[in-house]
Amino acid sequence: MSEFKITRRGLLKSSAAAGVALAAPTIFSSKAFAAGYLNEPTGKTVTFGFNVPQTGAYADEGADELRAYQLAVEHINGEGDGGMLNTFSSKALKGNGVNGKKVVYVTGDTQTKSDAARASAKRMIEKDGAIMITGGSSSGVAIAVQGLCQDAGVIFMAGLTHSNDTTGKDKRANGFRHFFNTEMTGAALAPVLKKNFGSDRVAYHLTADYTWGWSQEGSIKKYTEELGWKTAAAVRTPLGAGDFSQYITPVLNSGADVLVLNHYGRDMVNSLTQAVQFGLRDKQVNGKDFAIVVPLYSRLMAQGAGENVKGIFGSTNWHWSLQDEGSQAFVKSFGKKYGFPPSQAAHTTYCQAILYADACQRAGTFRPSGVGKALEGFKFDGLGNGPTEYRAEDHQCFKDVLVVKGKENPTSKFDVLEVVEVTPRAQVEYPASLLGGELGPYNDGK
Amino acid sequence: MDAILLQILNGLDKGGAYALIALGLTIIFGTLGVVNFAHGALFMLGAFCAVAVKAVLNIQMVTIDPTKTTPWGAPMEIRQPYVEVWFGDFGTTLLDFSVPVSILLAIPIMLIIGIAMERGLIRYFYKRPHAEQILVTFGLAIVLQEIVKSYFGANPIPQPAPDVANGMIDFGILVGFEAGNVVYPAWRFIYFLFSTAVIAAVFAFLQFTTFGMVVRAGMADRETVGLLGIDIDRRFTIVFGMAAVVAGLAGTMYTPILSPDYHMGMDFLVLSFVVVVVGGMGSLGGAVAAGFLLGILQSFASMNEVKAILPGIDQIIIYLIAVVVLLVRPRGLMGRKGVMEH
């Protein structure tokens, strides 16, 4: 008679094995695992995953991102007028897809919520076989999805995300950002603020209470204090507060003569509108004209604030009124298809799709580590921001930064911002070690 | 001292909005016994009445300027609103006053929406548990939000106050402070006056009209009023419509303070429920008093001096007050015995 004997060691071993099997993400059991790397395309097409806010407060920005992606796919596949592919310095893409495969795409809705964004990215990777995920309109979401893509083993080409952390302390080898960050905003904006408002100023910050807001506040404080400005107070406001009047009234008698609104989207529209209603734009403090600064502008959002943006300084990644060849080609292509000019969100996402496709073509593979190496240190021009480099150390694009001002006499509802200075790239560059974080190794998903 | 005065003023307009929404919620709860989670959506629909009126007044005559093109090669369009083309200066004034003018549209529209909502959906849920009422009205709120978003988009749409009300009122001078120390936007003060006028009108209507008397009697004892041969259901339908109008007007007039977007109702809804609970379920006076009280306390909690002692207090003050009030006075500040207790 055989004896079934359970030993303590045996039980521990089999429990550990069962635990590992159960804990392994489903991604490892998907059919993609059989290939050389995750979701290696085997047919005539390759699938991109566009993860943008289709519902929620940033739905309009997400819709513009999606329009840009659709345009980019058309151009990569050789349809339409070619847009910025005609002006792009790299000529690897020939208008016949990427590596001989036609690009198709799937979309996901981030809802501007980290968990929803991760779920939709996961779905596109596991179910739809997306080789790359791109898009988004929030730093919180970008950092969450970047982490997921790193763990899964696909490339993440970030959309509109401005927090330092995306390519700073939360950077990942599989993640790449074309958009600028708060450090660059601070470096670009400070000299313009000094020129217009002098170096003897007292600033009061209202800051959205999440990763991007903290990052923005930190950068602006750092650069304005270097100018000689003092900071009266930095007050955190809840995201989506709606009515900011209770945070604005203390500014009136605080002795501050500059209000810095570290808000984006709906918060920016509301806080700026209300600050103007409280007469801050026309106020005199310490014998000086009171000033309001909105460090990160979005033309789509500025439209929501209407006339209140007039004369107010900020920065932006790109603006459709730029006169370089690349920008003009993009505005023409986008405007012809949709009837209005593209936003900065549309521009950065279009660039990301093109840059990814180009890197795959140059690398001759879709393998994340191969594509990543092709992007690292890649220098290019013709995409609307002048000579640009994807820095190898942190996967951050370095390029000129635009300082803008709300236009006094707009000629149309799209014409709300004017570019007051194109800050050269050298002025906004910083050592990669400044923002901390580790890229770690690439993950090819095997 | 001037900072305190400013925060009191701040609390008044916010409190006015809370009070108007909470008043409607309480009326509906007191008469129909329905917990209406779609009430915030009614506030939002009222705000979008202002957006719609401005959009209609702003329908533009488009002429093509053949000498100019857009950056993407299309011919340049020159746009001018028809009201300005047709009526000249009067048209410009009409556009400027689009928010107050939209009250004229908001009243009938919100009345129709309220009555349609009650007859078409809510009445089927009178005898159902509160949980089901909450689910169905919450669902309705989401549907209304999404409809508005599909037409108007997700971004806030600015609705400026008339130029004449865009300035500031210097309250500091009135109470002996230096000029410019306690200034307050004129439109916010107008909103406060408007909300008190609407609240007074609602109270007068319920207090001094026969219709109001029947409604109050119905709130106290629906069955007996029905036995007297009065069609109380029909009157309650009208009361629902009236509550919708109150919420809608609160939204219409709030648009210059908060650029409307499809989600604005939800932000106010949760706070307004807290206001109703703090004021006392079913108590109209309690809802109004709690609305202003919480509005002012929320403003005070945002003062830097207060936040230095209790960081983050501005974000939880309303809920903290609700907890304290419910512990000390379980029926709320002015709650009636027997409401929501069976």
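Predicted model: local features only at pLDDT ≥ 70, side-chain atom pairs only at ≥ 80, totals over all residues.
Of the contacts in chain B between residues at least 6 apart in sequence, 74% join residues at least 24 apart. Chain B comprises 15 helices and four strands, and 44% of its 342 residues count as buried. Along the principal axes, the C-alpha trace of chain B extends over about 75 × 55 × 40 Å. The radius of gyration of chain B is 22 Å, which agrees with the value near 20 Å that a compact globule of 342 residues would have.

Within chain B, helix H1 (residues 2-32) packs against helix H11 (residues 232-254) at an angle of about 170°, the two axes lying 9 Å apart. Because of this angle, H1(B) is roughly antiparallel to H11(B). On the side of H1(B), the contact is formed by Ala17(B), Leu20(B), Ile21(B), Leu23(B), Gly24(B), Ile27(B), Ile28(B), Thr31(B) and Leu32(B). These residues meet Phe236(B), Val239(B), Phe240(B), Ala243(B), Val246(B), Ala247(B), Ala250(B) and Tyr254(B) in H11(B). By class, the residues of the contact of H1(B) with H11(B) comprise 15 nonpolar and two polar, with no charged residue.

Chain A contains 13 helices and 17 strands. The radius of gyration of chain A, 24 Å, is close to the 22 Å given by the globule rule for 446 residues, so chain A is as compact as a globular protein of that length. The C-alpha trace of chain A spans about 100 × 60 × 35 Å along its principal axes. Buried residues account for 58% of the 446 residues in chain A. Among contacts in chain A between residues at least 6 apart in sequence, those joining residues at least 24 apart make up 71%.

Confidence in chain A is described by a mean pLDDT of 90, with 92% of its residues reaching 70 or more. Over residues 20-34 of chain A, however, pLDDT stays under 50. For this segment of chain A, the model has 10 contacts beyond four places in sequence.

A helix pair in chain A is formed by H11 (residues 344-363) and H12 (residues 368-375), which pack at an angle of about 105° with their axes 8 Å apart. An angle from 65 to 115 degrees counts as roughly perpendicular, and H11(A) and H12(A) are therefore assigned to this class. From H11(A), the contact involves Leu355(A), Ala359(A), Cys360(A), Arg362(A) and Ala363(A). The residues contributed by H12(A) are Gly370(A), Val371(A), Lys373(A), Ala374(A) and Leu375(A). The contact of H11(A) with H12(A) is made up of seven nonpolar, one polar and two charged residues.

Between the chains, 34 residues of chain B are in contact with 34 residues of chain A. On the side of chain B that touches chain A, two or more residues are given by each of H1, strand S4 (183-185), helix H12 (264-279) and helix H13 (284-301) of chain B. Of these elements, H1(B) gives the most, with six residues. Helix H1(B) thus takes part both in the contact with H11(B) and in the side of chain B that touches chain A. The residues on the side of chain B that touches chain A divide into 16 nonpolar, 14 polar and four charged.

Conventions. Residues numbered from 1 in each chain as written. Chains lettered and ligands numbered in written order. Rg over C-alpha atoms; globule rule 2.2 N^0.38 Å. Buried ≥ 20, exposed ≤ 12 C-beta atoms within 10 Å, placed from the backbone. Contact = placed C-beta atoms within 7 Å. Axes fitted to C-alpha atoms, helices over the stretch in contact; angles between N-to-C directions. Parallel < 35°, antiparallel > 145°, perpendicular 65-115°, else oblique. Nonpolar A, V, L, I, M, F, W, Y, C, P; charged D, E, K, R; others polar. pLDDT = per-residue confidence, 0-100.
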